[in-house]
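Visitor: I have a model open and want to learn how to read it. Could you take me through some features?

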Amino acid sequence: MLALFVIGGVSAQDVDDASDILLVDSPSQVNIDVNYEFTNDNGKITPTFDAVNATVESQDYDSANKYYNVKVNSTQASDKLNISISAPGYLSQYKLFDANGASPVKVDMIASDAYKLGHDVTARADALLNFKEADAVLAITTAGVPKLNGKTSEAAFDGILNYATDYISYGRGNILMLRQTAVDPIDFCFVVKKGTELTAAIFLNGKTEEVYLGTISEYMTTSQWNALFKAVGGENAFSFASLANGWYDGVTFDVLQEAAFHGHICEGTLGGYTITKALLQYYPPIQETGNGLQSPGDITSYKVLGIPGDSSNDAVIFFLDATSGKTSYVGFNTTSTGATENMIGFIRWNGQTNKGTIIVMEYDSDANKALFEKETGITGDGSLEQLKYNTWWINRIYDNPASLVNILIEKENLTKEQYLYLVGVTDDDDDGEGHVINATNSHGLDYAYIQSLDLPNATRDNVIAHKGSLTYDDFKAIGQQAAKTAIDIYENELGVKIRKDMPNLMVMTSAGYVMINEQSTEGCWDGLFEELGSRLSRKTLLPDHKAIWTPLWFNFILKQDDGSLMSIYMRYNADGTFYVGQYNGSKVYNINMTTLNNSAISGGISKEAYIDGNYFSIQSISNAWSAEPSFEQIMSFLFHNHACPGVQPGFFIVDYIQENFPLNENQSYIYIANEQYCKDDSLEYILDVSPGLGNYLVQKLTSDEYKGADDLDEEGILIIWDSANNIGQAVSISYQWPSPDLSGYVTSESKRAAQIQAFIDLYNGNENPILTENYHKVAHNDSRWITEEQLQTILSGGEGSSLKYLRSLDDISKEDLLKQIAEKNNQNNKEESNGTNTNTNTDSNTNTDSNANSNAQSNSNANANPSSTQQAIPSRTTTQSSYSSVGVSSSPVRTSTQASEDTSSESSDETPSDEKSSDSSKSYEIEKKPVSKSGDNNLVYAVIGALIIGALFGVGYMKTRKD
Ligand SMILES: [Zn+2]
Ligand SMILES: [Zn+2]
């Protein structure tokens, strides 16, 4: 029911069957005075009028009288018009109007809860911090995916931005969305910079009363830090402070955005960034490749081998767009092979030559820390030192990033068998020359294996990037120019007049992710907003996660009443001009389902208009957007960079996890992917787990292993870890695919789109014609209560297969396991002479280090603190990993639920059954653990035990709602 605004009646546009709309009646009209709850919004937000059983033909604002004149064409003779009024951030109103009534009727628009919260919190922050007097303002919030009164809370952004229009905007890069889950609290942190002062006002748990007002500068005193820590909690304190100080230091927006995904800025964030820069300098991307089993969108230039727990993993995945859901990340604890947590491996695979380059790099944490101490004289492991260490890094990453990292291995001519040994292959494959490669679980960053490869040294390129001189205003102008060009094309070619704040006009763009001459491009968003009112929080501006070296492009979609998605593609060229895509001589063309179901038209548009190869990402997300998915789904699609049916099981799996295994205090999730496909990106994004946080790992298994009974696929192992008792519950999460009726669709693209829509309907609780029976099913099996040692074995890949290992464990009750542990501890205590103060967790502390931060925080504290019963940081046991491939077994071609009569070689990714990779090993690192260890404050030590655990396992319990 989106209104179509046309100039002079019916648009003579596009699609063949649109021309049979005949408007017989003469228009009725009403005058509507729209009054917003926040009066400041009056005249600034353009409402949208829609008519039930009729068409809104035009809406003109009478600025003298301050009302809208709305003309409606109705085919029914009636003296009443049923009109809806909607506006971003406000609840839609429905009202009956007298047709042709002359005097204006007033409509009061009520703000949504999230909008109101965002607005009120910002107003309070302004009262406390005085934005007007500040040099600059920063807003950080968890709003978005977290729910407020049962609904996602992205409208809070509109509340912030509309209140603080002069100070905060997406395009200025000074509003950051911290990734959180639906059940996490909605928090806000506002920061003002004034000279060298950084002052924050912090609001937690959706409250409009501040819990903290004071300095957030890295130069604060220890007691000031402790006040912050006490008021907001350790994780929040480090998260907000690291982002605020990084912003103050002038870190570029791409880094801030990655840090918001990760949760904070830390050494790993900066280390991952520098590794990325060095990689692009010496081994620039050559070709994007996939594994042939999924959708055309599941291709990347690099495959990443990492050890989860080091924050740099998240950074690399983010900047290279090498996500797990695109099967481009494999990692578990492989430290037993000689790898360390600061290492990351990259494979630049060329699917045409069947050869690859393998590179292993590390950022040398110890050496950098030593240099920092030498140069600054700052020593110590507290959070404040960590913040200063961040600043030191930031000041060098733009100078000579390669100097901060070591390249350990650079080899060429990696064979397909070697490649698949590392990333895993679910079913038997061949090397293209008749040699069979057996299915194998993935081995990840198996350093001993990689070192043993007898391959020639690779030759470095040396691509030096030079920083351009474009300003925020220049990028904003680029966005404006793109928007104006689109407005002209819609008017000239379709006769459609575009106005601001239209809910049926959506812009997709790579702006905000890609770099132009080493400059981040988020400024374009403000230009788009200025012309069109497009915003992410309104679901009308969708920034697509793309690798940083890819082109800057904009795609405009106008959804019309008949469901057409009228699309315009343009790419910005470095010389300041735009390339505008054309199909059959037209700059605007329909890319909805009708097109997708016609391979000649769809293929023609893809080839002629989308010369940068973005068609799949754009058409899939545009069609998904058209089906009105919820905000967390949109964010997942964007993180994955396209929509596909393969992403969607993640929504249901996460819901299932949150419903069946809700977290209590001291609990957190860890997930090990056993079958890896698109859904891993949605699962990762909305469960708020990731390799860099150490709570998302990938050990792909062969299809023989992950295929469960009754057509269930064993997707991965979920562990609900209880840091208070130092035990966990581990279960295998399984998923059964639905059997949609796709007989009405002839191409793989339309089949995919139909399934995406069916999943969205299913999620929204709506009927869908292709899902009539056999709905999908999420389940869990093989539940076991596990000890810390068993956890470590699972995280190390379970001696070849985490799933097999899990199943081999005794199924004993929680009570019995706790009893066993208590008995063991008693025994140990007796054996030990009570005099020695041996810290049983020796190991654990070491792990902690792994992270960049580590130095800063935790370990030392842990040790120092005698009352450390709590600090059971899982020690990384050194499980032996063997090089022999584990799952040798030929297995049938992956079954696909989807019929595939369709020619396309890409098999539908709707069937995720395809891939998996396995590997084993694990590792754990502590992550952000901001605690000052300076001795003058006991408070710090008191909190530390709990903090370390939270840190270790990611964010889980720290952020659960406490009110
Ligand atoms: Zn980190
Ligand atoms: Zn996909």
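Visitor: Which residue in strand 5 is the bridge partner of Thr48?

Guide: Some ground rules come before the answer. This is a predicted model, where local features need pLDDT of at least 70, side-chain atom pairs count only at pLDDT 80 or more, and totals for chains, interfaces and linings use all residues. Residues are numbered from 1 along each chain as its sequence is written, while chains are lettered from A and ligands numbered from 1 in the order in which they are written. Helices (H or I, at least four residues) and strands (E, at least two) are DSSP runs, numbered from the N terminus. Two strands pair if DSSP finds at least two bridges between them. Here, the partner of Thr48 is Ser86. Strand 2 (residues 48-51) pairs with strand 5 in the antiparallel sense, over four bridges.

Visitor: How many bridges join strand 5 and strand 6?

Guide: Six, again in the antiparallel sense. Ile85 stands opposite Gln93 of strand 6. The hairpin of these strands has six residues between them, and Gly89 takes a positive phi near 95 degrees there.

Visitor: Which residues form the covered face of strand 5?

Guide: Leu81, Ile83 and Ile85 do. The uncovered face holds Lys80, Asn82, Ser84 and Ser86.

Visitor: How many residues of helix 7 are buried?

Guide: Count neighbours. A residue is buried if 20 or more other C-beta atoms lie within 10 Å of its own, exposed if 12 or fewer, and partly exposed in between, with C-beta atoms placed from the backbone. In helix 7 (residues 312-320), nine of nine are buried. Among them are Val316, Ile317 and Phe318. The buried residues pack against several elements, including helix 5, helix 6 and strand 15. Just after helix 7, Asp321 has a positive phi of about 55 degrees.

Visitor: What span does helix 16 reach?

Guide: The expected span is 1.5 Å times one less than the number of residues. Helix 16 (residues 615-626) has 12 residues and reaches 16 Å from first C-alpha to last, close to the 16 Å expected. Glu628 follows, with a positive phi near 60 degrees.

Visitor: Which residues touch the most other members of the largest nonpolar core?

Guide: A nonpolar core is a set of buried Ala, Val, Leu, Ile, Met, Phe, Trp, Tyr and Cys residues joined through C-beta atoms within 7 Å. Of 254 residues in the largest one, Phe190, Ala200, Phe240, Ala244 and Tyr671 touch the most other members. Contact means that two C-beta atoms, placed from the backbone, lie within 7 Å. Leaving aside neighbours within four places in sequence, Ala200 is in contact with residues including Phe190, Phe240 and Ala244.
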